[in-house]
Amino acid sequence: MGRKRVKSNFGSFFISPCLSRQYFALVIFIALCQYIDMVCVYCGGDTRVVNSRPQIRSNQIWRRRLCKSCQAIFSTIESHDPAQTWMVKKPGKPAKEFAKEKLFLSIYESLKHRSTALYDAKHLTQTVINNLSRTTKDGIIESRTITNTVIVSLNRFDKTASTHYRAFHAI
Ligand SMILES: [Zn+2]
């Protein structure tokens, strides 16, 4: 009875035989959880997907869902959660979780002179996240990379907003 080599998404590792039963119970539990479907936003009934499309640029999946109980139709968007996968590094400070809300607020503050600031900030935040996902392979992002990416996006979109952002965010 030796240790057992197990391959997972997090790399392969060894576990003892007494732990292997618990490990496979966990694997089965996770596999079952992956098939839990979203419930209806109106009645809480079961739903099924009736249409889905990939959104290549934003790496998201759009789905149209139909409620099996009340026949309501609504949309969902599946995307990765950067707060769960990215850590932000600042020189001389411990790494922190990526905060989408903080990014949104910094962009929104720079766009306040526009009547469509809220809408623009929402979409620019998503653009910055899409661009950032191409810069990281290991989930670690330098804070200055975020600042630079925001400046590049704002420069293309609104020069006044870019100037405002640079006044408050040193590179
Ligand atoms: Zn329903």
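Predicted model: local features only at pLDDT ≥ 70, side-chain atom pairs only at ≥ 80, totals over all residues.
1. Residues are numbered from 1 along each chain as its sequence is written, and side-chain values use heavy atoms, with hydrogens and water left out.

2. The second largest pocket has a volume of about 340 Å³, where a pocket is an open set of points on a 1 Å grid over the protein atoms alone, where a 1.4 Å probe fits, with protein on both sides within 12 Å along at least five of seven lines. Grid points are joined across faces, edges and corners, and the volume is the space filled by probe spheres set on the points.

3. Lining residues, meaning those with an atom within 4 Å of a point, number 14 in the second largest pocket, and K122, H123, Q126, T127 and N130 lie nearest its centre. Two elements, α3 and α4 (117–133), each give two or more residues to this lining, and the largest share, 7 residues, comes from α4; helices (H or I, at least four residues) and strands (E, at least two) are DSSP runs numbered from the N terminus.

4. The largest pocket holds about 510 Å³ of space. Among its 19 lining residues, V88, K90, K102, S143 and I146 are the closest to its centre.
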